[in-house]
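Subject: Structure for your review

Hello,

Here is the structure I said I would pass on. My notes on it follow below.

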Amino acid sequence: MATPPFLGRVVHDGDERGIRALFSKDNRAIPCPDELGTYGSGDIVRVKSLAPLQMELLAEGETTQARLYDILERYEIDPEFSPEVLAETENWLADPGLTDDSLQDFTGLPFITIDNEDSRDLDQALFIERE
């Protein structure tokens with residue numbers, strides 16, 4: 001059974017009411033019939049806690065956004081980041097290393113790029129000079 005936090009789909013199937021964890025091999029719904037309130041069948045939620053149940057609606061069922069979660073699940077692409085990744089991101093944001101004395105500023109050189117005009121990652125840049 002999944003432990004919070006996790007992404008899930010609200011299930012209303014006959015008498016079964018609960019939450020089925022996305023990106024989990026366990027396909028059983030976690031029962032919570034009285035606590036689903038206004039959440040509809042197929043809604044995609046972030047479950048923050050099971051006792052008491054705390055959820056955040058990410059996408060209403062049968063919407064394009066909910067279908068995107070279906071695609072992500074089918075290809076096992078979890079859109080949530082682990083606590084370790086989030087902590088590493090915070091570390092990089094706090095100290096991106098731009099004060100490193102070994103870094104050199106090349107912004108004055110006339111680089112050209114061979115990327116497409118609409119490219120967002122200019123990774124094909126070069127600078128040529130005669131010796």
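**Backbone points**

Glu62 is exposed, with a relative accessibility of 63%. Please keep in mind that this is a predicted model. Glu62 sits in the loop between strand 5 and helix 1 (64–74). Its phi is near 65°, which is a positive value in a residue other than glycine.

Phe23 also has a positive phi without being a glycine, in this case about 60°. This residue belongs to the loop between strand 2 (16–21) and strand 3 (29–31). With a relative accessible area of 25%, Phe23 is partly exposed.

Pro52 is placed in the loop between strand 4 (44–50) and strand 5 (53–59).

**Aromatic pair**

How many aromatic pairs does a search of the whole structure find? The search gives one. The partners are Phe111 and Phe127, with 5.8 Å from centre to centre and 50° between the planes.

Where are the two rings in the chain? Phe111 is in the loop between helix 2 (83–94) and strand 6 (112–113), and Phe127 is in the segment after strand 7 (125–126). The pair therefore ties together parts that are 16 residues apart in sequence. Phe111 is partly exposed at a relative accessible area of 42%. Phe127 is partly exposed as well, at 27% relative accessibility.

**Largest pocket**

The largest pocket holds about 250 Å³ of space. It is lined by 15 residues, and those closest to its centre are Pro5, Phe6, Leu7, Asp78 and Glu80. Strand 1 (6–13) and helix 2 are the elements that each give two or more residues to this lining.

What is the make-up of the lining of the largest pocket, in nonpolar, polar and charged residues? The lining has 10 nonpolar residues, two polar ones and three charged ones. Asp78 and Glu80, both among the residues closest to the centre, belong to the charged class because Asp and Glu are counted there.

Regards

How values were computed:
Residues numbered from 1 in each chain as written. Predicted model: local features only at pLDDT ≥ 70, side-chain atom pairs only at ≥ 80, totals over all residues. Heavy atoms only, no water. Phe/Tyr/Trp six-rings, centres within 6.5 Å; stacked < 30°, edge-to-face > 60°. Helix = DSSP H or I, 4+ residues; strand = E, 2+ residues; numbered from the N terminus. Buried < 20%, exposed > 50% of the residue type's maximum accessible area, 1.4 Å probe, protein only. 1 Å grid on protein atoms, 1.4 Å probe; cavity = no way out; pocket = protein on both sides within 12 Å on 5 of 7 lines; lining within 4 Å. Points joined across faces, edges and corners; volume = space filled by probe spheres on them.
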